[in-house]
Amino acid sequence: MLWVKTLHIVFVVSWFAGLFYLPRLYVNLAQNPNEAVQACLLGMARRLYRFTTKLAVLAILFGLWLFLGFKLGQGQAWMHAKLLLVLVVIAYHLACGRLLKNFEAGRNTRSHRYYRWFNEAPVILLLVIVALVVVRPF
């Protein structure tokens with residue numbers, strides 16, 4: 001089980017690395033109207049989203065494997081909160097994909113400031129999830 005936990009942690013860290021960087025590409029896409037730059041950034045974002053999606057699937061699969069061996073009982077509310085936040089991370093990931101499609105179709109309506117704030121969400125989610133797992137406050 002320790003190997004499964006190790007792989008889960010590695011894939012979660014890798015997934016979040018992609019979630020940290022992808023919105024930064026959106027900031028640059030929203031700021032720079034140059035077609036050549038846009039094409040380059042869209043290519044980078046597209047490849048990163050595809051790769052990050054694979055990492056997400058692996059992180060979730062190894063997490064499910066760990067969860068199957070986990071005994072829910074009294075004092076395990078932290079796990080319920082963690083799982084809820086994992087669903088929020090998945091929704092954030094899917095929202096990144098929707099935003100990418102909007103950029104590809106030339107339908108972005110948001111400013112670079114929006115994407116700067118949007119980029120903070122995975123940092124906060126990761127902080128709270130790690131705190132729940134390590135501290136187990138409830």
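User: What makes up the lining of the largest pocket, by class?

Analyst: By class, 26 lining residues are nonpolar, three are polar and three are charged. The classes are set by residue name: Ala, Val, Leu, Ile, Met, Phe, Trp, Tyr, Cys and Pro count as nonpolar, Asp, Glu, Lys and Arg as charged, and the others, Gly among them, as polar. This is a predicted model; local features need pLDDT of at least 70, side-chain atom pairs count only at pLDDT 80 or more, and totals for chains, interfaces and linings use all residues. Residues are numbered from 1 along each chain as its sequence is written, and side-chain values use heavy atoms, with hydrogens and water left out.

User: What makes a space a pocket?

Analyst: On a 1 Å grid over the protein atoms alone, a pocket is an open set of points with protein on both sides within 12 Å along at least five of seven lines. A cavity is a set where a 1.4 Å probe fits but cannot get out. Lining residues have an atom within 4 Å of a point.

User: How much space lies in the largest pocket, and which residues are closest to its centre?

Analyst: The largest pocket holds about 890 Å³. That volume is the space filled by probe spheres set on the points, with grid points joined across faces, edges and corners. His8, Gly63, Leu66, Lys82 and Val133 are the closest to the centre, out of 32 lining residues.

User: Which elements give two or more residues to that lining?

Analyst: They are helix 1 (2-31), helix 2 (35-68), helix 3 (77-104) and helix 5 (121-135). Helix 1 gives the largest share, nine residues. Overall, the protein has five helices and zero strands. Both are DSSP runs numbered from the N terminus: helices are H or I with at least four residues, strands E with at least two.

User: What puts the buried residues on the same side of helix 5?

Analyst: Pro122, Leu125, Ile129 and Leu132 are the buried residues. They cover an arc of only 95° around the axis, so they sit on the same side of helix 5. The arc is that of the directions from the helix axis to the C-beta atoms. The face turned away from the buried side carries exposed Ile124, Leu127, Val134 and Val135.

User: Why is Arg136 called partly exposed?

Analyst: Arg136 is at 45% relative accessibility, so it counts as partly exposed. Arg136 lies in the segment after helix 5. It has a positive phi of about 50° although it is not a glycine.

Notes. Buried means under 20% relative accessible area, exposed over 50%, partly exposed in between (1.4 Å probe, protein chains only).
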